[in-house]
Amino acid sequence: MIRPSLNAALTISILALALAGCGSAPPEYYYSLNPVAAPATTSAPANLVVAVAAVTVPAVVDRPQFVLNQPDHSLTLLEQQRWAAPLKSQIPAVLAVDLARLLGTPNVTGWPQLALPNTNWTVAVGIQRFESQLDKTAVIEAVWQVVDKTNTPVQSGRNVIEEPVQGTGYAALAAAHDRALAKLAQAIAAAIPGSKVQ
């Protein structure tokens, strides 16, 4: 026979377990940016060695959560939809791979990777807008500069890229940012002296 005090304790324990189950946090989903630029059809000159320097991103998106831009200019931070790594480390890595494919050379590094000793062109990129509209568009606005070995600017530019989201959901939104970065890489690759990208 269970005494009343023990019976009450058991009841409280069961209720506590039930409440703990009801209060479990919803799952988090993680996304990454990926290179998508098409490979070059011709090889690059043997001396074409490029480094992508540290990339700046707007403070408003310099956080793990997806930040959605709403039509009324408000922002929504999504706790359960997150970038797997900071954008300021993902973007130079993706640009480096996109540039390597476009230029037809494996000699492209991306911050924080150390530049190769014989690097002759360094690309500095500042992302000024990184906007996300769910199921609509991904917008990237960036300024960039190509400098030579003596840190002298040789080319610079600004690009505003609006990439429609193909499909629905957050993975499709991340993929739209992938394509926007590939277009940015295309513009930068065309400006690097000695490249055959147009």
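User: Which residue forms a salt bridge with E163 with the closest N and O atoms 2.9 Å apart, and how is such a contact read?
Analyst: Side chains of opposite charge can pair when their charged atoms come close. A salt bridge is taken here as a side-chain nitrogen of Lys or Arg within 4 Å of a carboxyl oxygen of Asp or Glu. In this structure E163 is bridged to R179, with 2.9 Å between the closest N and O atoms. E163 belongs to strand 8 (residues 153–164) and R179 to helix 3 (residues 170–191), so the bridge ties together parts that are 16 residues apart in sequence. Helices (H or I, at least four residues) and strands (E, at least two) are DSSP runs, numbered from the N terminus. The structure is a predicted model, in which local features need pLDDT of at least 70 and side-chain atom pairs count only at pLDDT 80 or more, while totals for chains, interfaces and linings use all residues. Residues are numbered from 1 along each chain as its sequence is written, and side-chain values use heavy atoms, with hydrogens and water left out.

User: Are E163 and R179 buried or exposed?
Analyst: Buried means under 20% relative accessible area, exposed over 50%, and partly exposed in between (1.4 Å probe, protein chains only). Both E163 and R179 are buried, and for E163 the relative accessible area is 5%.

User: Which other residue forms a salt bridge with E163, at 2.7 Å?
Analyst: K183 does, with its closest N and O atoms 2.7 Å apart. This pair links K183 in helix 3 to E163 in strand 8, 20 residues apart. K183 is partly exposed, at 44% relative accessibility. Elsewhere, salt bridges that share partners join R129, E131, E141 and R158 into one network.

User: How many salt bridges does the rule give, and which residue meets R82?
Analyst: The count comes to eight. In one of these contacts, the side chains of R82 and E28 meet at 3.7 Å, N to O. R82 lies in strand 4, whereas E28 lies in the loop between helix 1 (4–22) and strand 1 (29–31), 54 residues apart. R82 counts as buried at 16% relative accessibility, and E28 as partly exposed at 37%.

User: What is the volume of the largest cavity, and which residues line the largest cavity?
Analyst: Its volume is about 40 Å³. The lining consists of V61, Q65, F66, V67, W83, L87, F130 and S132. Strand 3 gives the most to the lining of this cavity, with three residues.

Key. 1 Å grid on protein atoms, 1.4 Å probe; cavity = no way out; pocket = protein on both sides within 12 Å on 5 of 7 lines; lining within 4 Å. Points joined across faces, edges and corners; volume = space filled by probe spheres on them.
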